[in-house]
Structures are given as C-alpha cells and as structure tokens.
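This report examines a single protein chain.

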Amino acid sequence: MGLHGVKAVFFDLDNTLIDTAAAGRRAIEEVISALQSKHHYGEGEARAVCDKVQAKLLRECHDPAKMCITDLRISHWEEAIQETIGGEANRDLAAECYYLWKTTRLQHLTLAEDTRAMLTELRKGLRLLLLTNGERQTQREKIEACACQPYFDAIVVGGEQKEEKPAASIFHYCCDLLGVQPAECVMVGDSLDTDIQGGLNAGLKATVWLNKAMTAPVDTSPVPHYIISSVLDLPAVLQKMERNSNAKLETDHMAGSNE
C-alpha cells in the first residue's frame with residue numbers, strides 16, 4: 001500500500017476469519033447425539049437442553065473475579081438439564097456435556113487455506129492485527145485452535161482490556177501497539193454493533209462489513225464504508241481504496257498547480 005493509503009488492518013475473529021457459528025452447530029449436534037445414545041434422552045429432550053444452553057450463552061454475563069468461565073458454563077448445562085428433565089442437579093453430566101461441546105467446537109475452528117494465503121499476502125505490505133471481543137480464556141483457546149498467531153503482528157482480546165469493541169479506547173490501544181494512526185487503519189468484521197460502530201467511534205480510515213448473507217441492515221445500524229460477502233474480497237476493497245487515495249492526491253496536486 002502506498003504512503004498515503006492504509007498502513008494497518010484490524011480483523012475480527014469469530015464469524016469473520018473463522019466460522020464459529022458452524023463449529024458451534026457441530027458441537028451441539030455432538031452433545032445431542034451423546035445425550036441420546038449414552039444417557040437415553042429423547043431427541044426432543046436433548047435438543048431442549050441444548051437450546052436452553054445456547055440461550056444462556058447469548059445472555060451470559062461473566063465476572064472473572066467471581067467465577068471462572070469453565071464453572072459458569074458447566075452451570076449453564078446443569079441448569080438447562082434440570083429445567084428440562086427436573087429432579088436433582090447433575091453436575092457430572094453437565095460437565096461431560098460442556099467439555100464435549102467445547103472440545104468439538106475447538107476441533108472445528110479452522111483458518112481456511114485461502115484465508116491464510118490472503119493474510120500472508122496482505123502482510124507483505126501492511127501490519128495486521130487480530131481484535132476480538134470475549135472472555136480471555138475462551139478467545140485464547142480459539143486462537144490456539146485455529147493457529148492464526150503467525151499471521152498477525154499483534155493480537156488483542158477484549159476480555160483482557162478495560163473496554164471491548166465498540167469502545168474507541170480499544171481501537172486506539174491497537175493503533176498504539178502497531179505505531180499507526182487511526183486514519184491509517186481499516187477494521188474488518190461481521191458485527192455492525194461492535195466492529196463497524198467501533199471503527200467509526202475510533203475514527204478509523206474505513207470500516208469493512210462482512211455480510212455473508214448480504215442481508216440489508218436495519219435503518220438504525222451504523223453505516224460501513226464497504227460491504228463484502230467474503231473476507232477474501234478484502235484485497236480488492238483495499239486496492240480500490242488505494243486507487244481512490246491516489247486519484248485524490250493527483251486531483252489535489254493539480255488543483256494546487258492551478259492556483
């Protein structure tokens with residue numbers, strides 16, 4: 001990238017670089033299968049337990065000072081089993097379900113070969129940073145599982161910082177880490193509320209929304225500078241930005257010469 005263009009790109013992790021949602025679905029099916037074959041649950045009961053756990057994960061509020069994430073998530077399974085089946089709390093079964101879900105999900109978190117190739121190519125001219133929200137242990141395990149560390153100059157996990165995306169502070173922290181200005185950075189992510197709003201809050205040069213389904217955002221959503229349906233479309237967007245930047249420089253130069 002040219003001197004007047006982009007110097008750094010920040011990437012979100014979940015459902016941007018890796019398909020966390022698909023891995024999660026595989027993990028849930030594995031638990032449903034185990035509950036049926038090993039513990040003789042009906043399919044409806046097994047699915048009900050898993051549906052309840054997923055609802056609890058969406059509402060999850062974790063305070064690391066009070067409880068570790070492992071205990072909290074085993075509790076989600078314990079409550080879901082009791083709410084569905086009744087009777088005594090079954091911590092052992094809850095722990096078994098949690099570890100099966102977690103292990104299976106991590107096994108299916110992969111950084112695709114074409115994504116690796118794109119990151120390798122981009123890094124020849126740009127600084128790359130991974131910026132992910134979420135609880136420290138959970139996100140670090142995902143990063144380890146998909147082996148994405150070699151592709152980035154820095155990795156920042158929201159759960160290790162004072163504030164997470166969309167707070168401007170975490171983006172400015174990332175800029176400081178790389179020694180760049182916000183106006184030299186691009187944020188790429190699938191979440192309008194955290195990735196795109198955060199990039200806008202921090203005054204980044206551009207935000208790129210990964211919208212795989214190409215669904216229309218609601219009227220109140222933040223407006224990204226660019227929209228792509230695959231993360232592999234990013235290099236073309238960066239090239240377009242570079243051309244626009246060079247064209248503006250040329251126009252400014254000509255305007256200056258004419259004065």
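## Cysteine pairing

The sulfur of C175 has its closest cysteine sulfur in C185, at 3.9 Å, which is too far for a bond. In general terms, a disulfide is a covalent bond between the sulfur atoms of two cysteines.

C175 is buried at 2% relative accessibility, and C185 is buried at 0%.

## Basis of the model

The model is predicted: local features need pLDDT of at least 70, side-chain atom pairs count only at pLDDT 80 or more, and totals for chains, interfaces and linings use all residues. Residues are numbered from 1 along each chain as its sequence is written, and side-chain values use heavy atoms, with hydrogens and water left out.

## The largest cavity

The structure holds two cavities of 30 Å³ or more. A cavity is a set of points, on a 1 Å grid over the protein atoms alone, where a 1.4 Å probe fits but cannot get out; its lining residues have an atom within 4 Å of a point. Grid points are joined across faces, edges and corners, and a volume is the space filled by probe spheres set on the points.

The largest cavity has a volume of about 80 Å³. Its lining consists of I69, R73, Y98, W101, K102, R105, L106, Q137, T138, E141 and K142. The elements contributing two or more residues to this lining are α3 (69-85), α4 (91-107) and α6 (136-146); helices (H or I, at least four residues) and strands (E, at least two) are DSSP runs, numbered from the N terminus. Helix α4 provides the largest share, five residues.

By residue class, the lining of the largest cavity has four nonpolar, two polar and five charged residues. In this scheme Ala, Val, Leu, Ile, Met, Phe, Trp, Tyr, Cys and Pro are nonpolar, Asp, Glu, Lys and Arg are charged, and the others, Gly among them, are polar. Domain 1 (8-19 + 110-256) and domain 2 (21-108) both give residues to the lining of the largest cavity, so this cavity lies between them. The domain bounds come from an automatic or database domain assignment.

## The second largest cavity

The second largest cavity has a volume of about 30 Å³. It is lined by V31, A34, L35, H39, E96, C97 and L100. Two or more of the lining residues come from each of α1 (20-37) and α4. The lining of the second largest cavity divides into five nonpolar residues, one polar and one charged.

## Salt bridges

A search of the whole structure finds 16 salt bridges, each defined by a side-chain nitrogen of Lys or Arg within 4 Å of a carboxyl oxygen of Asp or Glu. One of them joins the side chains of E60 and R73 (2.9 Å, N to O). E60 sits in the loop between α2 (43-59) and α3, and R73 in helix α3, 13 residues apart. E60 is partly exposed at 21% relative accessibility, whereas R73 is buried at 11%. R73 is also among the residues lining the largest cavity.

A further pair is D153 with R123, whose closest N and O atoms are 3.1 Å apart. D153 lies in the loop between α6 and β3 (154-157) and R123 in the loop between α5 (113-122) and β2 (127-132), so the pair ties together parts that are 30 residues apart in sequence. D153 is partly exposed at 30% relative accessible area, and R123 is partly exposed at 32%. R140 and E160 also form a salt bridge (2.9 Å, N to O). This pair links R140 in helix α6 to E160 in the loop between β3 and α7 (168-178), 20 residues apart. R140 is partly exposed at 31%, as is E160 at 34%. Salt bridges that share partners also join D12, K165 and D195 into one network.

H76 is found in helix α3 and is buried, with a relative accessible area of 8%. The C-alpha atoms of H76 and V53 are separated by 5.8 Å, although these residues are 23 residues apart along the chain.

Definitions and conventions. Disulfide = S-S within 2.5 Å. Buried < 20%, exposed > 50% of the residue type's maximum accessible area, 1.4 Å probe, protein only. 1 Å grid on protein atoms, 1.4 Å probe; cavity = no way out; pocket = protein on both sides within 12 Å on 5 of 7 lines; lining within 4 Å.
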